[in-house]
Amino acid sequence: MAQQTPKSIIVIFGATGDLAKRKLFPSIFRLYRENKISEDFAVVGVARREWSNEEFRGNVQKSISNLPTFGKDAEKFASHFHYLPFDVTNIESYQNLNGLLSELDEQYNVPGNRIFYLAMAPEFFGPIASNLKQEGLTATKGWSRLVIEKPFGHDYDSAEELNEQIRHAFDEDQIYRIDHYLGKEMVQNIEVIRFANSMFEALWNNQYISNIQITSSETLGVEDRGRYYESSGALLDMVQNHIMQVVALLAMEPPIKLTPDEIRSEKVKVLRALRSVTAEEVNDYFVRGQYGKGVMDGEEVIGYREENAVDPESNTATFVAGKLMIDNFRWAGVPFYIRTGKRMTEKSTEVVVQFKDLPMNLYRDKSADLQPNLLVIHIQPDEGITLHLNAKKETGGATSTPVKLDYNNSSDKMNTPEAYERLIYDCMLGDATNFTHWDEVALSWKFVDTISEAWSKEKATNFPNYESGSMGPKESDKLLAENGFHWWSVKPVADSDSE
Ligand SMILES: NC(=O)C1=CN([C@@H]2O[C@H](COP(=O)(O)OP(=O)(O)OC[C@H]3O[C@@H](n4cnc5c(N)ncnc54)[C@H](OP(=O)(O)O)[C@@H]3O)[C@@H](O)[C@H]2O)C=CC1
Ligand SMILES: O=C1O[C@H](COP(=O)(O)O)[C@@H](O)[C@H](O)[C@H]1O
């Protein structure tokens, strides 16, 4: 199929900021180098700083200078970038932007197609959307799409309020709520692994699966985001969005078609079937943690409470583990264990599907090491799948030995598109499959709200309760142990099997 090269102008609100520099410019450059966008495109950066076009283009070039494909095209690429000093609270700014966009439509032969990418603090999302509409920036012959970064609210009520604000200006199908996990290769692969393999789909239920584990661990601490993180913590920062999306993809029924509406409708059913947890039950189902100091890579690192812009008595969780139950026919009785945290042993995101044991072990008299079958989906940094089986191995004698079948998807890392690259391209094509619909966001907030409310009312007296460089507090192990399980390794494919 011929590659599509959509024509559009991308307006980046917050173009002098961190996200634009680290993710957006490099992703647009990669799309350009891969000929996924034609020469008929422009990017308009807006922010308060009084930059000139030249200054902006210099910054764009700097942000892509360490990419392997950086070369002579960089200057030509940067020439498509234009800068407009802009205050999002000032109506005149929108009028100036409208004038510039009309000129650029002519110059780049773009038929009024516009992406408004809001890479700004969330309190501006609603006002920007209304002003864009009010000042006529969306009234073109082409299409207009609004890309919204996280966080989408800080609880259900604020998310609903924000949604209402942006829905006054944009229809649901014009709104692209970014969840960058949905742009990751192996997260997208979950659907393919499930729905393109009869052997997995047949076993994908409570008759054959004992539990599913999702781990997203980070080695970094909170860095310079202390102010934001204090009000979010791991629950809002990672669980409400990324982890819940992965749960929905793992648990959903096969959609009747691979369209955004059908997939969303199945994901929504999973989120509706999540067993809600009462305030009294929160600590039976969820564990929170906060990192203290420790040693990582041979260097001493400070604890969360010593980080910049963090309250020295902070109650914010930098680690969350939980047991999610999905009360439907397919999943009744199967716990979905999740855990995520900062300053953990390694940077890794993995899904482990543990299959039930056989009714009897025929090899027990041969003191065989019979392990449960596991399907491991390596999301990052390795990308691939490992199937853990038992087989006779010559070196293991005439008995059963655990063996692994590996598929490595990351051999060509240079050319694997980055999550943001995929998502920006999808947005240009008008494909909202890998963006979150309001229904999903709403259900996810409703589930998470009980937990965050309970935790905000009850101070964690044991914080900090895990050392930097560890796998989180020991209570997270107990969560599984009480059902006879344990966390499987988050180590890369080639390393050992279990912790
Ligand atoms: N950085 C990251 O890795 C990630 C960020 N996000 C989300 O992306 C969004 C942006 O984050 P990030 O880039 O880190 O934030 P930054 O603080 O680095 O950037 C904010 C931007 O907003 C501009 N700005 C602030 N006030 C105004 C105003 N009144 N009018 C016009 N421009 C203004 C700033 O420019 P100036 O000062 O020149 O006005 C700057 O360009 C946030 O919603 C964040 O949650 C999501 C995931 C990851
Ligand atoms: O959204 C966020 O995600 C990152 C982790 O993303 P990953 O792609 O590196 O797994 C996390 O560090 C950040 O706190 C959070 O806001």
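Visitor: Why is Gln 245 called buried?

Guide: In this predicted model, Gln 245 has a relative accessibility of 6%, and buried means under 20% relative accessible area, exposed over 50%, and partly exposed in between, with a 1.4 Å probe and protein chains only; Gln 245 therefore counts as buried. Gln 245 lies in helix α10, where helices (H or I, at least four residues) and strands (E, at least two) are DSSP runs numbered from the N terminus.

Visitor: What is Gln 245 in contact with, leaving aside its neighbours within four places in sequence?

Guide: Contact means heavy atoms within 4.5 Å, and on that basis Gln 245 is in contact with Asp 179, Leu 182, Lys 267, Thr 436 and Glu 440.

Visitor: What makes the pairing of the side chains of Gln 245 and Glu 440 a polar contact?

Guide: A polar contact is a pair of N or O atoms within 3.5 Å; within protein, one must be able to donate a hydrogen and the other to accept it, and residues adjacent in sequence count only if both atoms are side-chain atoms. The two side chains make such a contact at 2.9 Å.

Visitor: Why does Leu 429 count as partly exposed?

Guide: Its relative accessibility is 31%, so Leu 429 counts as partly exposed. Leu 429 is placed in helix α13 (residues 419-429), and, not counting residues up to four places away in sequence, Leu 429 touches Gln 4, Pro 6 and Arg 145.

Visitor: Which residues of helix α5 are buried, and what covers them?

Guide: In α5 (residues 125-134), the buried residues are Phe 125, Gly 126, Ile 128, Ala 129, Asn 131 and Leu 132. Their cover includes β1 (8-13), α4 (91-108), β4 (114-118), β5 (144-148) and α6 (156-169). Just after α5, Gly 136 takes a positive phi of about 80°.

Visitor: How do you know which residues surround ligand 2?

Guide: A residue is near a molecule or strand if one of its heavy atoms lies within 4 Å of it, and the residues around ligand 2 include Lys 150, His 180, Tyr 181, Lys 184, Glu 218 and Arg 225. Helix α10 (residues 233-251) gives the largest share of this shell, three residues.

Visitor: What surrounds ligand 1?

Guide: There are 22 residues around ligand 1, the closest being Thr 16, Asp 18, Arg 22, Arg 48 and Arg 49. A nitrogen atom of ligand 1 is 2.7 Å from an N or O atom in the side chain of Asp 18, while an oxygen atom of ligand 1 is 2.8 Å from one in the side chain of Arg 49.

Conventions:
Residues numbered from 1 in each chain as written. Chains lettered and ligands numbered in written order. Predicted model: local features only at pLDDT ≥ 70, side-chain atom pairs only at ≥ 80, totals over all residues. Heavy atoms only, no water.
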